[in-house]
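Dear colleague,

Please find the structure below, handed over for your files. My notes on it follow directly after.

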Amino acid sequence: MENLLREERSFPPSPEFAAQANAGPDLYERAAADREGFWAEQARELLTWSKDFTEVLDFSGAPVARWFGDGRLNAAYNAVDRHVEAGHGDRVAIHFEGEPGDTRTVTYADLKEQVSRAANALAALGVRTGDRVAIYLPMIPEAVIAMLACARIGAPHSVVFGGFSAEALHSRINDAEARVVITADGGYRRGKPSALKPAVDEALAKGTPVEHVLVVERTGQDVPWTEGRDVRGADALAAASPEHTPVDVEAEHPLFILYTSGTTGKPKGILHTTGGYLAQCAFTHKHVFDLKPETDVYWCTADIGWVTGHSYVTYGPLVNGATQVLYEGTPDTPGKDRWWELVEKYKVSILYTAPTAIRTCMKWGAEYPGKHDLSSLRVLGSVGEPINPEAWMWYRRTIGADRTPVVDTWWQTETGAIMISPLPGVTAAKPGSAQVPLPGISADVLDERGEPVPNGGGGYLVLTDPWPAMLRGIWGDPQRFADTYWSRFPGMYFAGDGAKKDDDGDIWLLGRVDDVMNVSGHRLSTTEIESALVSHPMVAEAAVVGAKDDTTGQAVVAFVILRADALERADEAGEGEDVVAELRNHVAKEIGPIAKPRSILVVAELPKTRSGKIMRRLLRDIAEGREAGDVTTLADSTVMDQISKGMQR
Ligand code: WT7
């Protein structure tokens, strides 16, 4: 980390880039002079309102903010119809590339027809404004269409990542009380069809309020069918009218719920509303990526199951009328140059991806991007976790030919849109730092006592003023919302991240300071994985830590104590390996394959304080191959010796 803060390289924008950029330094000045006026201006310029607003921010119900409260609009109208009305119906909205190589071109006019049909189909299944709809789909155009169809009728969607298990899907459906699930037979992953529908059946078998399942056909594989409940997507769309009038909603009408891991075992349903969220998505997408909708081809590699897919695949780009690439599969199918082949093929000019992907490509080697013409690229973005300066430099040099600006964008599911990031035509970029709050955004780094740290100091990242895309709460749990984010530093939003200010006052993010891990840019809760492990009959106790990993940022490492009978059986049968494999699969089944521990160590004891709190710090030392640190507060100081000895066995 010390290393990182001595990073002195800086890459100012080229004069040519700065001259054509959407954003200039004046943007910061305008926002600083009148923050609310600035956001009102953006909201009016970037969105079409069916009823203009007269009030900008109302924070009298803090910590729940209202933005543009008396305005009315529709998200799908803003993302689709108005572009067609403005004469851009022929512009490509989505260049879809399936993993097997099949392609589809979806123009804004096509999108309008398909979203309208889907909205009518949902209405025919009984979905009304305000009802929740769960979406469990692969990365195909229908994922975007489904989200927009929900938005069109004002039915908040809850997208569940296709890699999550039936168990995870079940708890999310029930928490949001979804009436309909939109899914597919399957999707293509690593060269073969992978089924999705069976997980929906399994989730629904556990009991949910779901009345209908709309099944999109993607792979054509056989799927179990429940007559009366399941509806074939193609039939429903064919029967539906291509005309649909978008439902006007209040600016604060819920747009979606998206579940994310917190510090307890239960995922939080992060609630986002319509007007402020869309305004900030559109603003950030336009300025951070310098989007020119007439000429750019934009590609964000995130799955719609994560917030990045919501804000920077569906809403930001489409509200801005962008042309984008949507790719279904993995970066190494069929070859390790698939991404670069796509950049060349579609002449992608703006690429937005995650540090873990960049590090993976780095590991595969420069020969793969080297096989392709990447000269169309002009802006590169990064999101999801701190990007180490080496990966940042590789991204700029190898992918961006040492010419393209790189923007490291810090934000969260909760913030809804980008908060801290360089502006590519303005900021002299420093490899590894997200640097400055965007115009209209206020952030600071505080010490333990809540005092701002001076330049050179480190502490906790907070957001000091409400912002338009901020979460409006945790679905069904206002108290948890207040406790989690607003109690550590009263009146300020505590993000859960550690940060430092360098000598110029630029912000460097240092990772989570709570029990949340970041594996490949995906948020996982230590407690949630621990709960999954102890739900297995063989496990008595479990402790999970995030250990540093060169590719994935962090990796899940679990320490488990087996029940005495299970231990005996495993020892007798010499089945230690099998136990570990079984537990890893159990976690995949309970949460999803992304949560599978990289390693599981069977131990006799866990290090605990006298009050019984597990000291994860010591376990992290072990998991990262260090000598365990200070053990003086342990109830039994020999425990760490036993664990280290066990490791050497
Ligand atoms: C957490 C939020 C935002 C979309 C993807 C993740 C970490 C995110 C950065 C960055 C350092 C980052 C933080 C944050 N994070 N972007 N540019 N530099 N850390 O969304 O799952 O809600 O996770 O990801 O720790 O709190 P998320």
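The axes of helix H4 (residues 35-46) and helix H11 (residues 275-288) cross at roughly 85° and come within 9 Å. Axes here are lines fitted to C-alpha atoms, for helices over the stretch in contact, with angles running from 0 to 180 degrees between N-to-C directions. H4 is therefore roughly perpendicular to H11 (angles under 35 degrees count as roughly parallel, over 145 as roughly antiparallel, 65 to 115 as roughly perpendicular and the rest as oblique). Trp 39, Gln 42, Ala 43 and Leu 46 of H4 make the contact with Gly 275, Ala 279, Ala 282 and Phe 283 of H11; two residues are in contact if their C-beta atoms, placed from the backbone, lie within 7 Å. By class, this contact has six nonpolar, two polar and no charged residues (Ala, Val, Leu, Ile, Met, Phe, Trp, Tyr, Cys and Pro count as nonpolar, Asp, Glu, Lys and Arg as charged, and the others, Gly among them, as polar).

Please note that this is a predicted model, in which local features need pLDDT of at least 70 and side-chain atom pairs count only at pLDDT 80 or more, while totals for chains, interfaces and linings use all residues. Residues are numbered from 1 along each chain as its sequence is written. Helices (H or I, at least four residues) and strands (E, at least two) are DSSP runs, numbered from the N terminus.

Turning to the ligand, Pro 386, Gln 412, Thr 413, Leu 509 and Arg 523 come nearest among the 23 residues around it (a residue is near a molecule if its C-beta atom, placed from the backbone, lies within 6 Å of it). The shell divides into nine nonpolar, nine polar and five charged residues. Strand S24 (493-501) is one of the elements that supply at least two residues of this shell, and S24 gives the largest share, three residues.

Tyr 460 belongs to strand S22 (residues 458-463). Tyr 460 counts as buried because it has 22 C-beta neighbours inside 10 Å (buried means 20 or more other C-beta atoms within 10 Å of its own, exposed 12 or fewer, and partly exposed in between, with C-beta atoms placed from the backbone). Beyond its neighbours within four places in sequence, Tyr 460 is in contact with Val 445, Leu 446, Phe 494, Gly 498 and Val 513. From Tyr 460 to Phe 494 the C-alpha separation is 7.6 Å, across 34 residues of sequence.

Lys 613, in contrast, counts as exposed, with 11 C-beta neighbours inside 10 Å. Lys 613 sits in the loop between strand S30 (599-602) and helix H21 (616-623).

Yours sincerely
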